[in-house]
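Biologist: I am new to this structure. Could you take me through it, one question at a time?

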Amino acid sequence: MSQPIPWTLEELMAVTIAREVRDGETVGVGAVSPIPAAGCMLAEQLYAPHITLIILDSDEYYPFPAGSSELHFLAQRGELDLFFLSGIQIDRRGNFNLHVIGDYNKPTVRMAGAYGSAMLYYMAHRVILFRDQHTKRVFVEKVDFVTGAGVTPKSVYREGGPALVVTPKAVFGWDKTAGEWTLDKVQPGSSVEDVRANTGFLLPISPTVHKNPLPTEEELRVLRTVVKEKMARSYPEFVQEKMLNT
């Protein structure tokens, strides 16, 4: 009989994100982004105690008036170090799509779009993209609609841009010179072959590609106690369904 997986895929992604947060950063997380929220709270507890963490619609982590656009103003002033974005599609050139699947005028699927996401992709010093699925439907050669562009002309002012993609299978790094993703890390339970087989574009392999270290007992303990208690206030369903008990 096979042994049960000792963590959920969402917990694995949160741990991966926590390790990427740098101490002293000003970090922003969207209102419906529980995975990076958990990762940033974990980073605050273990790795980056001096971050300024801002989570939209959080009573504890949103220091501005409810419903305000202060996070966006912060980014426009060049004061946001790290932000997290996702997309229904992400392509080789770092573009992401949160608008439509298919032709824009006659789409197969029309989504809600993204308030401020394109601007934040340009103005945050680093952006980590994330998806809880890693399939060829998500990682495509070219998105059907560009909500946010990974590569922009030199004439376009841009504070930062794409840094990483975190999924349950892998961590992609951004090759700024080539303007494309590379495979930097393989998640536990996956392989280079598995990642490539589930990515819809030719994915270069970093010369230093390696296995992402397993979540440690301490990371999981803090995630399932202190972080879980904090998360339950804003994301009760996520906590119940995606986070295990100690």
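Biologist: Which strand gives the most to the lining of the largest pocket?

Modeller: This is a predicted model, where local features need pLDDT of at least 70 and side-chain atom pairs count only at pLDDT 80 or more, while totals for chains, interfaces and linings use all residues. Residues are numbered from 1 along each chain as its sequence is written, and side-chain values use heavy atoms, without hydrogens and water. Helices (H or I, at least four residues) and strands (E, at least two) are DSSP runs, numbered from the N terminus. Helix 2 (34–46), strand 3 (82–85), helix 4 (117–123) and helix 7 (236–242) each supply at least two lining residues; the top contribution, 3 residues, comes from strand 3.

Biologist: What is the volume of the largest pocket?

Modeller: On a 1 Å grid over the protein atoms alone, a pocket is an open set of points where a 1.4 Å probe fits, with protein on both sides within 12 Å along at least five of seven lines; lining residues have an atom within 4 Å of a point. Grid points are joined across faces, edges and corners, and a volume is the space filled by probe spheres set on the points. For the largest pocket, that comes to about 700 Å³.

Biologist: Which residues lie closest to the centre of the largest pocket?

Modeller: The lining has 29 residues. They divide into 16 nonpolar, 10 polar and 3 charged. Here Ala, Val, Leu, Ile, Met, Phe, Trp, Tyr, Cys and Pro count as nonpolar, Asp, Glu, Lys and Arg as charged, and the others, Gly among them, as polar. Closest to the centre are Gly-30, Ala-31, Val-32, Ser-33 and Leu-98.

Biologist: Is Arg-224 buried or exposed?

Modeller: Arg-224 is found in helix 6 (residues 217–234). Beyond its neighbours within four places in sequence, Arg-224 is in contact (heavy atoms within 4.5 Å) with Pro-6, Trp-7, Glu-11, Leu-244, Asn-245 and Thr-246. Buried means under 20% relative accessible area, exposed over 50%, partly exposed in between (1.4 Å probe, protein chains only). Arg-224 has 13%, so it is buried.

Biologist: What is the phi of Asp-57?

Modeller: Asp-57 sits in the loop between strand 2 (52–55) and helix 3 (70–76). At 63% relative accessibility, it counts as exposed. Most residues other than glycine have a negative phi. Asp-57 has a positive value, near 70°.

Biologist: Which residue stands opposite Gln-89?

Modeller: Strand 4 (residues 89–91) and strand 5 pair in the antiparallel sense over 2 bridges; pairing takes at least two bridges found by DSSP. In strand 5, the residue opposite Gln-89 is Asn-97.
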